[in-house]
Amino acid sequence: MKPLLEVRDVTMRFGGLLAVSDLSFEVTPGHAHGIIGPNGAGKTTAFNIITGIYAPTAGDVLFRGESLAGQRPSNIARRGIARTFQNIRLFRDLTVLDNVRIASDAHARYALPGAMVQLPAARRAEQETITRCLDLLEKFGLGDAAYERAGDLSYGSQRRLEIARAMALQPALLLLDEPAAGMNSAETLKLVEFLGWLRDHFSVTMLLIEHHMQLVMTFCDRITVLDFGKTIAEGTAAEVRSNPKVIEAYLGPEDGHE
Amino acid sequence: MDYFAQQAINAIQLGSIYALIALGYSMVYGVLVMINFAHGDVFMVSSFFCFLLLLLLPVPFVAALIIVMLATAVLGVALERLAYRPLRNAPRVSAIITALGCGLIIQNTTLSLSPYSQRMPELFVPVTWNFGGVTVSSLQLLIIGVSVGLMIGLDFFIRRTRYGMAMRAIAQDRITVPLMGIPVNTMIALTFAIGAALGGAAGVLYASAYPVISATMGVLIGWKAFVAAVIGGIGSVRGAVLGAYVLGSVEVFTVTVLPSTYRDLVVYALLLVILIFKPYGLLGRPAVQKV
């Protein structure tokens with residue numbers, strides 16, 4: 001199958017710091033693809049490159065076979081790549097509903113002239129969007145909180161809202177940056193269930209960064225392991241687990257029995 | 001009592017004009033955390049746009065208002081595009097110095113074209129009514145009505161439309177907004193367009209009420225409107241309006257009890273006192289530290 005996302009020889013330098021070096025991997029449609037690696041391995045930088053926040057120093061990112069080079073983040077989002085953040089970045093002062101509304105209907109016109117006129121047709125479309133967003137929130141168990149301020153939600157709900165907001169873009173590829181951050185084992189177990197539901201229900205391809213090994217090993221179809229900005233291994237959970245380089249770099253020699 | 005009512009109407013009229021200008025400062029600050037110090041001069045030049053328009057073509061009030069607002073919006077967008085956008089990621093002080101410079105360019109260009117004050121042709125022939133000793137002119141009602149109408153429209157726009165929602169989101173997190181598929185540059189340009197258009201409306205209304213315009217008038221009025229925005233809590237749209245009416249009232253009522261030379265002293269003293277007790281202004285909120 002043709003890959004949905006191809007990262008080709010991407011290098012990212014910040015001054016003297018080499019954050020990502022010759023990174024290459026492919027994400028197959030329908031897969032949940034994990035990226036693991038120690039802190040500072042360049043995982044989040046890779047996400048920032050894919051979503052267009054950074055322009056890579058070298059290399060290219062292809063989505064559905066087309067290069068994303070030079071594309072603005074808003075265009076990349078419209079093409080179907082959505083993401084969440086390691087430290088939740090909701091619009092805290094907007095309502096839960098507005099957080100989802102803002103991402104939905106990304107194809108709505110934002111051109112200047114149309115902005116000034118509120119035509120009846122536009123108003124009807126807006127109403128439809130709101131209905132759709134409320135539906136989406138309902139699916140994520142946030143229906144009752146729709147008119148609350150996003151910043152007032154509990155931590156777990158904020159995480160779910162961030163994913164709901166990303167899904168409002170109707171993406172083909174969802175990037176999750178440490179979705180289990182700050183969760184205990186029981187919560188993480190629930191998250192795995194939730195991610196499975198998300199993948200089946202929306203048939204979305206996922207690329208996720210995670211430190212929580214249990215989550216990655218049980219949930220991901222394929223895993224890329226980074227260290228110091230380079231790919232050191234790639235494969236299924238079983239393959240990666242038994243790779244000596246991975247054991248040394250990531251799990252550490254004393255955890256080698258894992 | 002009649003005297004008080006009379007002054008109250010004057011205060012609302014002055015406050016309305018300040019409010020329209022203060023909104024421009026506050027909206028731009030809200031979105032970019034930048035003070036557009038050229039805004040006072042944008043206001044000034046809009047009254048010259050109105051003057052030129054009336055020289056060329058004696059259009060009725062409403063047409064003049066719309067044309068001047070559009071022309072000023074174009075100027076606002078041009079400023080953003082040419083002067084501020086290239087500095088979006090530069091240190092904040094560069095943007096502020098640039099804004100001051102742009103203000104000086106606008107002011108001195110106008111001054112070189114019109115070294116003397118100009119007498120505005122009459123846009124509107126006011127009728128005055130007398131309500132038991134209180135004189136109200138139709139011009140005052142028009143100024144207050146147009147301003148309040150524009151402010152209500154803006155409040156609706158910001159709170160209810162997706163564009164307003166996007167602007168509020170940009171104010172909170174400019175990095176995340178494009179990842180929602182929203183073109184941030186377009187939204188920032190829109191913010192400048194609206195802010196400048198409101199300044200343009202203020203220019204037309206001001207020139208109708210005080211029909212002598214000069215190239216330097218934007219300085220003091222711009223500063224006052226900026227002070228109003230700060231008093232209300234810069235970044236807050238409702239705060240800018242509140243601050244402007246507070247400021248207009250303080251100015252008008254100061255002059256009723258003290259010599260008019262005390263007016264600016266009282267205004268700036270008020271700013272200091274409010275900032276001591278409410279450092280973020282009346283309706284402002286502490287900025288959330290972004291990570």
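A:Asp98 pairs up with B:Arg168 in a salt bridge, with the closest N and O atoms 3.7 Å apart. A salt bridge here is a side-chain nitrogen of Lys or Arg within 4 Å of a carboxyl oxygen of Asp or Glu. A:Asp98 sits in helix α3 (residues 96-101) of chain A and B:Arg168 in helix α6 of chain B, so the pair joins two chains. Helices (H or I, at least four residues) and strands (E, at least two) are DSSP runs, numbered from the N terminus. This is a predicted model, in which local features need pLDDT of at least 70 and side-chain atom pairs count only at pLDDT 80 or more, while totals for chains, interfaces and linings use all residues. Residues are numbered from 1 along each chain as its sequence is written, chains are lettered from A and ligands numbered from 1 in the order in which they are written, and side-chain values use heavy atoms, with hydrogens and water left out.

Between chain B and chain A the count is two salt bridges. A:Arg89 forms one with B:Asp173, and there the closest N and O atoms are 2.8 Å apart. Eight residue pairs, both at pLDDT 80 or more, are in polar contact between chain B and chain A. A polar contact is a pair of N or O atoms within 3.5 Å; within protein, one must be able to donate a hydrogen and the other to accept it, and residues adjacent in sequence count only if both atoms are side-chain atoms. On the side of chain B that touches chain A, α5 (138-160), α6 (162-172) and α7 (184-209) of chain B each supply at least two residues. The most comes from α6(B), with seven residues. By type, that side of chain B divides into 16 nonpolar, six polar and five charged residues. Ala, Val, Leu, Ile, Met, Phe, Trp, Tyr, Cys and Pro count as nonpolar, Asp, Glu, Lys and Arg as charged, and the others, Gly among them, as polar.

As for contacts (heavy atoms within 4.5 Å), 27 residues of chain B meet 34 residues of chain A. The two chains bury about 2900 Å² between them, 62% of it on carbon and sulfur atoms. Buried area is the accessible area (1.4 Å probe) that two parts lose on being put together, summed over both. B:Arg162, B:Leu179 and B:Met180 supply 27% of the area that chain B buries against chain A, more than any other three residues.

Chain A also has an interface of its own. Its domain assignment, automatic or from a database, gives domain 1 (1-80 + 171-258) and domain 2 (91-169). In chain A, 17 residues of domain 1 are in contact with 14 residues of domain 2. These domains of chain A bury about 1300 Å² between them, 73% of it on carbon and sulfur atoms. Zero salt bridges turn up across this domain interface of chain A, and two residue pairs, both at pLDDT 80 or more, are in polar contact between the domains. On the side of domain 1 of chain A that touches domain 2, the largest share, five residues, comes from α7(A).

Over all chains, the whole structure holds 18 salt bridges.
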